[in-house]
Amino acid sequence: MNAMRFPWLVVISLCLNKVQAQFYGDSTYGSPGGQSIRLGLITDDATDRIRQTFEHAISVVNSELGVPLVGETEQVAYGNSVQAFAQLCRLMQSGVGAVFGPAAKHTAAHLLNACDSKDIPFIYPHLSFGAHPDGFNLHPSPEDIAHALYDIVNQFEWSRFIFCYESAEYLNILDHLMTMYGIKGPVIKVMRYDLNLNGNYKSVLRRIRKSEDSRIVVVGSTEGVAELLRQAQQVGIMNEDYTYVIGNLDLHTFELEEYKYSEANITGIRMFSPDQEEVRDLVEKLQQELGEGQPLNTGSSYITMSMALTYDAVRVIAETTKHLPYQPQMLNCSERHDNVQPDGSTFRNYMRSLEIKDKTITGRIYFEGNVRKGFSFDVIELQPSGLVKVGTWEEGKDFEFERPPQVVNFNDIDDGSLVNKTFKVLISVATKPYASLVESTYTLTGNNQYQGYGVDLIKELADKLGFNFTFHDGGNDYGSFNKTTNSTTGMLKEIVEGRADLAITDLTITAEREEVIDFSIPFMNLGIAILYVKPQKAPPALFSFMDPFSSEVWLYLGIAYVGVSLCFFIIGRLSPIEWDNPYPCIEEPEELENQFTINNSLWFTTGALLQQGSEIAPKALSTRTISAIWWFFTLIMVSSYTANLAAFLTIENPLSPINSVEDLAENKDDVQYGAKRTGSTRNFFLTSEDPIYMKMNEYMMSHPEMLMDNNQDGVDKVKAGTKYAFLMESTSIEFTEVRECNLTKVGDALDEKGYGIAMVKNWPYRDKFNNALLELQEQGVLARLKNKWWHEVGAGVCSKKRDNDGPSELGVDNLSGIYVVLVLGSFFSTVVSILYWCYFVFRKAKLYEVPFCDALAEEFKIVISFSENERALKSAQSVYSRSRNSSQSIESLKTDSEENMPDKD
């Protein structure tokens with residue numbers, strides 16, 4: 001323990017001793033004879049345990065003191081303040097230096113005021129809700145208890161709970177809780193269980209049973225909370241569906257035998273362990289003096305907080321006397337006497353200035369002002385074996401459960417209950433979405449630092465079965481079993497050797513693994529598939545506008561076009577109605593003209609095919625019939641072409657070098673492949689007898705650089721675009737697809753298998769786990785969890801937008817062929833026009849016997865005279881006027897049709 005923390009107090013106290021000795025020297029109530037310091041105890045404890053504790057503590061500290069302590073005890077009836085005050089007066093007259101108060105709070109408050117008026121240190125060992133600067137109290141404050149409850153509830157991750165309190169003074173704890181939660185805390189339903197002040201709490205407990213809440217925080221007196229638990233069992237809310245957090249520090253003194261097998265989760269706090277040396281010595285003393293027996297339950301003790309704090313208060317007084325001389329005087333408690341205890345207030349203040357770290361029951365003793373600080377709580381849980389410490393709470397430190405691993409004796413299992421049992425669960429934090437580290441700006445510890453599908457699934461099972469768990473990273477090696485050496489590796493080894501209870505990740509159920517461990521029923525079904533980059537879109541072909549029809553259709557369409565044109569030519573010549581008078585003014589023409597020449601027939605079918613029409617109109621029934629048939633044919637063909645053209649131009653079929661496992665095995669387009677170095681996927685190819693898979697296994701064995709340490713490495717290599725395909729489970733590929741937009745699954749699954757929770761061989765709780773998994777599956781919980789971690793958490797736009805969601809805009813590449821046809825057609829027409837123009841000039845120059853170049857120059861000038869739309873046939877300046885045939889006009893040049901006409905008579 002530390003020395004004096006305030007040396008100046010010693011100087012002041014010595015000066016006060018001299019002054020007080022002179023002032024009180026002739027007083028009737030002087031110092032009693034003998035060198036000792038008297039301590040008074042006023043107790044209302046009918047069991048005599050407080051008195052025995054008080055006397056035991058004095059006997060322990062006296063072995064270290066030069067001036068011994070002497071205890072004097074007065075027994076009073078509980079709540080009898082008059083009797084207690086009378087006993088206090090007697091103690092004052094005997095010259096006590098400090099008084100230990102009774103358990104009744106109102107009586108203690110009355111005695112505190114009396115002692116305060118006489119400067120006598122007053123010690124009261126119970127929870128105080130008000131500030132009593134003149135009293136000495138080692139009990140933790142309501143604020144610290146609220147802080148411990150706050151941290152425990154946060155560890156449970158409750159979103160709502162019931163705050164059940166005994167009387168109005170305990171609302172102080174609720175006030176501190178609400179302050180810590182702020183506006184974003186859980187939903188808290190507040191209930192007072194002692195409504196009628198008669199000890200009957202069943203009406204409130206029935207309301208709890210009918211409510212939707214099954215998580216309860218209880219605060220109250222030792223007697224009240226113990227009775228509440230007893231009545232809760234009678235009402236039927238002491239079972240696996242309910243969780244209790246007890247805010248009373250005497251939980252270890254309760255009779256808990258009948259609750260151990262109720263499967264209810266009961267968690268509480270205490271300030272000391274029954275295994276401490278000071279506690280064992282006190283228990284031994286009580287056994288000798290009172291015949292007390294040992295508690296039946298592990299972790300339990302009948303040493304109450306009042307007894308422990310009484311013991312520690314005696315220790316504080318003893319330590320104070322080592323540093324500060326104290327000579328209590330005999331006093332008269334009558335109001336007519338204003339005498340006070342010399343050095344009383346100084347002694348009390350010095351008691352608060354000490355820091356004691358050992359030889360106490362409740363741990364470190366240290367004060368900040370009038371409030372005790374620097375202590376710690378044991379967080380305890382009720383298990384079938386008794387109360388078990390599952391964590392330590394200290395102010396200013398992050399609290400987390402530290403449940404010790406349980407050694408399960410399979411031959412000693414009674415009902416197979418998992419309530420309050422703690423399991424070590426292995427996960428692989430490198431394998432998303434089954435487990436990963438939570439990204440946070442704060443430093444997270446324990447289970448709070450992990451998230452994922454497997455983490456949530458274990459939490460769901462824990463809520464349903466009532467067990468506790470701690471997650472540990474098992475690494476990337478899931479493990480295998482070597483039959484030759486009878487050895488295991490990875491996670492399997494941890495489970496087989498008892499260092500872990502469960503393992504949950506993308507762990508495949510295989511016959512090899514089931515030789516050494518057990519699996520639950522599959523919580524997810526899957527198969528091995530191929531992960532590869534998405535097929536790349538092929539560049540548009542130059543004549544992609546012809547894609548709507550196959551080559552055969554285009555060929556038959558051309559044949560139909562030529563054939564129908566010939567039919568028009570032949571039928572038109574056969575039909576008399578199609579022979580017309582070229583000169584309507586002549587009633588009896590010497591010749592008739594047929595409009596369906598071979599050129600006109602081709603032009604008519606072309607106009608109908610392109611749905612543009614022409615100036616040619618069939619007259620005969622035969623030509624009109626074939627025209628209607630051709631128009632109907634072209635209507636269907638053009639409609640079909642137009643309907644397919646949009647799809648062919650906007651939807652581009654991606655091309656992939658591999659489309660199946662056969663393509664992969666043949667290394668088509670030099671695509672390489674691999675799998676995870678260890679695990680069920682690799683074992684599948686090692687043990688397969690299928691020729692394709694055997695060939696793939698040989699390839700992977702000869703190319704070990706293609707094998708990856710984990711799935712993420714394989715995904716990264718595929719993303720790199722190095723013509724690499726990765727073989728992995730289909731569920732992992734599904735997870736990757738919605739996050740990596742350029743990756744996809746190729747082909748069908750190669751096999752069918754499932755993921756299960758690994759556990760110890762012949763584990764007695766396997767059936768309970770299987771039943772719970774079936775219930776979660778039937779309730780849709782498994783589907784909800786998969787949708788959450790596959791398609792919600794971290795999912796991007798890839799899950800919302802697919803390549804074939806709709807047409808894309810047309811680019812130049814899609815329509816380049818149309819432009820080529822247009823350019824070539826325009827060019828061809830221009831070339832034909834120029835050639836025909838040259839031929840026309842050549843014939844005209846020959847007719848007029850003029851040089852061809854002169855005629856060509858004149859004709860070219862006429863062509864480029866863009867402002868002139870009329871042409872003079874006869875002109876003196878024309879080159880043709882100087883020829884000997886200038887009398888001939890341009891009309892004398894025969895056209896194509898005129899050359900074919902018969903000569904007139």
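Phe423, Tyr450, Phe467, Phe469, Phe471, Trp763, Tyr765 and Phe769 form one aromatic cluster, where rings of Phe, Tyr and Trp (its six-membered ring) pair if their centres lie within 6.5 Å, with planes under 30 degrees apart counted as stacked, over 60 as edge-to-face and the rest as tilted. The model is predicted, and local features need pLDDT of at least 70, side-chain atom pairs count only at pLDDT 80 or more, and totals for chains, interfaces and linings use all residues. Residues are numbered from 1 along each chain as its sequence is written, and side-chain values use heavy atoms, with hydrogens and water left out.

The structure holds 38 aromatic pairs in total. A pair of aromatic rings is described by the distance of the centres and the angle of the planes. Tyr434 and Tyr755 form an edge-to-face pair, at 5.7 Å centre to centre and 85° between the planes. Because Tyr434 lies in the loop between β15 and β16 and Tyr755 in strand β32 (residues 753–755), this pair ties together parts that are 321 residues apart in sequence. Helices (H or I, at least four residues) and strands (E, at least two) are DSSP runs, numbered from the N terminus. Both Tyr434 and Tyr755 are buried; buried means under 20% relative accessible area, exposed over 50%, and partly exposed in between (1.4 Å probe, protein chains only). The ring centres of Trp763 and Tyr765 are 5.1 Å apart with planes at 85°, so this pair is edge-to-face. Trp763 and Tyr765 are buried, and both belong to the aromatic cluster.

Charged side chains also lie over aromatic rings, the criterion being NZ of Lys or CZ of Arg within 6 Å of the ring centre and within 35 degrees of the ring normal. The charged end of Arg364 is placed over the ring of Tyr366, 4.8 Å from its centre. Lys786 lies over the face of Trp790, with 5.8 Å to the ring centre.

One disulfide is present in the structure, a disulfide being a pair of cysteine sulfur atoms within 2.5 Å. The disulfide joins Cys89 to Cys333, with an S to S distance of 1.9 Å. The link of Cys89 and Cys333 is right-handed, with 110° about the S-S bond. Cys89 lies in helix α3 (residues 81–94) and Cys333 in the loop between α10 and α11, so the pair ties together parts that are 244 residues apart in sequence. Cys89 is buried, with a relative accessible area of 10%, and Cys333 is buried at 16%. Elsewhere, Cys838 counts as partly exposed at 26% relative accessibility, whereas Cys853 is exposed, with a relative accessible area of 59%.

In helix α20 (residues 711–719), the residues Asn711, Gly714, Val715 and Val718 are buried. Seen down the axis of α20, these buried residues fall within an arc of 100°, so they line one face of the helix; the arc is that of the directions from the helix axis to the C-beta atoms. The buried residues of α20 pack against β24 (528–533), β30 (724–729), α21 (730–737) and β31 (743–746), with contact meaning heavy atoms within 4.5 Å. At the start of α20, a side-chain oxygen of Asn710 comes to within 3.1 Å of the backbone nitrogen of Gln712. A polar contact is a pair of N or O atoms within 3.5 Å; within protein, one must be able to donate a hydrogen and the other to accept it, and residues adjacent in sequence count only if both atoms are side-chain atoms. Just after α20, Gly721 has a positive phi of about 70°.

Several loop residues were also examined. Asn239, in the loop between α8 (222–235) and β9 (243–246), counts as buried at 19% relative accessibility. The side chain of Asn239 reaches the backbone nitrogen of Asp241 at 3.0 Å. Leaving aside residues up to four places away in sequence, Asn239 touches Ser262, Glu263 and Ala264. Lys432 and Pro433 are joined by a cis peptide bond with omega of about 0°, and Pro433 is found in the loop between β15 (422–427) and β16 (436–437).

Positive phi values occur in residues other than glycine, with Asp343 near 65° and Asn667 near 50°. Asp343, in the loop between α10 (305–323) and α11 (344–353), is buried, with a relative accessible area of 6%. Asn667, in the loop between α17 (661–665) and β29 (672–675), counts as partly exposed at 23% relative accessibility.
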